[in-house]
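Please look over the sequence and the structure shown below before reading on.

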Amino acid sequence: MKFFVDTADLAEIEDLAATGLLDGVTTNPSLIAKSGGDFFDVIRNICDIVPGPVSAEVTATDAETMLSEGRTLAAIAPNVAVKVPLTWDGLKACRALSQGGTKVNVTLCFSPSQALLAAKAGAAFISPFVGRLDDISQDGMGLIREIVTIYRAYPDTIGTEVLVASIRHPLHVVEAAKLGADVATVPPAVLRKLASHPLTDKGLDAFLADWQKTGQSILS
């Protein structure tokens, strides 16, 4: 599974990229606004840090303007993936952009039928929002299972990657990986939690305490 981070915070992205675990970045208008930076500068700087796909989202709602915005975003850097909403106009924009060689991330997916249409429109990524479904007492991971099953039934014609979004906790990541999703895009805090375990902390404390008793130093 690939790990993308869902943020526009450059300091967070630089720190996580240093681990070698980061395969890409997803942003949206809310995250860009939270960063406080100029939209184009933020996307350009992220693309300089991360060589993998960096999703930058259009703000228009009609296909023609989405297409114009998408082409402008794609010109920022070669690794920009244009993010469009899963609407009828969004699918039209996805088709045109993908046929022009731009990777497209179709976002705000909440049903397997939507995911099938996005794949048909040429989406490089489909972003189902598991956390938002869980919030309304629907089965977010059930949606991932259905999309993965559909896509796997057509390996010769569907190349769209399942990018699990709206992840709230590490279990979402683990369950998505078990189901065979291609990508998980996670907030920085959740990505760090994946490495945390109380028994790891307890074991390390015991090792260090025993080492201190020897009075030795590896660097001395």
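In this predicted model, helix 5, which covers residues 88-99, packs with helix 6 at an angle of about 30°, and their axes lie 9 Å apart. Because angles under 35 degrees count as roughly parallel, helix 5 and helix 6 are roughly parallel to each other.

**Helix 5 with helix 6**

- On the side of helix 5, the residues that take part in this contact are Trp88, Leu91, Cys94 and Arg95, and they meet Leu117, Ala118 and Lys120 in helix 6.
- Sorted by class, the contact of helix 5 with helix 6 holds five nonpolar and two charged residues, with no polar residues.

**Helix 4 with helix 5**

- Helix 5 also packs with helix 4, which runs over residues 63-74, and here the two axes come within 8 Å and cross at roughly 40°.
- Helix 4 and helix 5 are therefore oblique to each other, and helix 4 passes helix 5 in a right-handed crossing.
- From helix 4, the residues Ala63, Met66, Leu67, Gly70 and Arg71 meet Asp89, Gly90, Lys92, Ala93, Ala96 and Leu97 in helix 5.
- The residues of this contact between helix 4 and helix 5 divide into six nonpolar, two polar and three charged.

**Helix 6 with helix 8**

- Helix 6, made of residues 112-120, has a further partner in helix 8, made of residues 140-152, and the axes of the two come within 9 Å and cross at roughly 40°.
- That crossing angle makes helix 6 oblique to helix 8, and helix 6 passes helix 8 in a right-handed crossing.
- In helix 6, the residues Pro112, Ala115, Leu116 and Ala119 meet a set in helix 8 that consists of Leu143, Glu146, Ile147, Ile150 and Tyr151.
- By class, eight nonpolar residues and one charged residue make up the contact of helix 6 with helix 8, and no polar residues belong to it.

**The largest pocket**

- The largest pocket holds about 360 Å³ of space.
- It is lined by 19 residues, of which Asp6, Asn28, Phe129, Arg132 and Ser166 are the closest to the centre of the pocket.
- Helix 2, at residues 29-35, and strand 5, at residues 104-109, are the elements that give two or more residues to the lining of this pocket.
- In terms of class, the lining of the largest pocket divides into seven nonpolar, seven polar and five charged residues.

Conventions:
Residues are numbered from 1 along each chain as its sequence is written. This is a predicted model: local features need pLDDT of at least 70, side-chain atom pairs count only at pLDDT 80 or more; totals for chains, interfaces and linings use all residues. Side-chain values use heavy atoms; hydrogens and water are left out. On a 1 Å grid over the protein atoms alone, a cavity is a set of points where a 1.4 Å probe fits but cannot get out, and a pocket is an open set with protein on both sides within 12 Å along at least five of seven lines; lining residues have an atom within 4 Å of a point. Grid points are joined across faces, edges and corners, and a volume is the space filled by probe spheres set on the points. Helices (H or I, at least four residues) and strands (E, at least two) are DSSP runs, numbered from the N terminus. Ala, Val, Leu, Ile, Met, Phe, Trp, Tyr, Cys and Pro count as nonpolar, Asp, Glu, Lys and Arg as charged, and the others, Gly among them, as polar. Axes are lines fitted to C-alpha atoms, for helices over the stretch in contact, and angles run from 0 to 180 degrees between N-to-C directions. Angles under 35 degrees count as roughly parallel, over 145 as roughly antiparallel, 65 to 115 as roughly perpendicular and the rest as oblique. A crossing is left-handed if the near helix is turned anticlockwise from the far one by less than a right angle, and right-handed if clockwise. Contact means heavy atoms within 4.5 Å.
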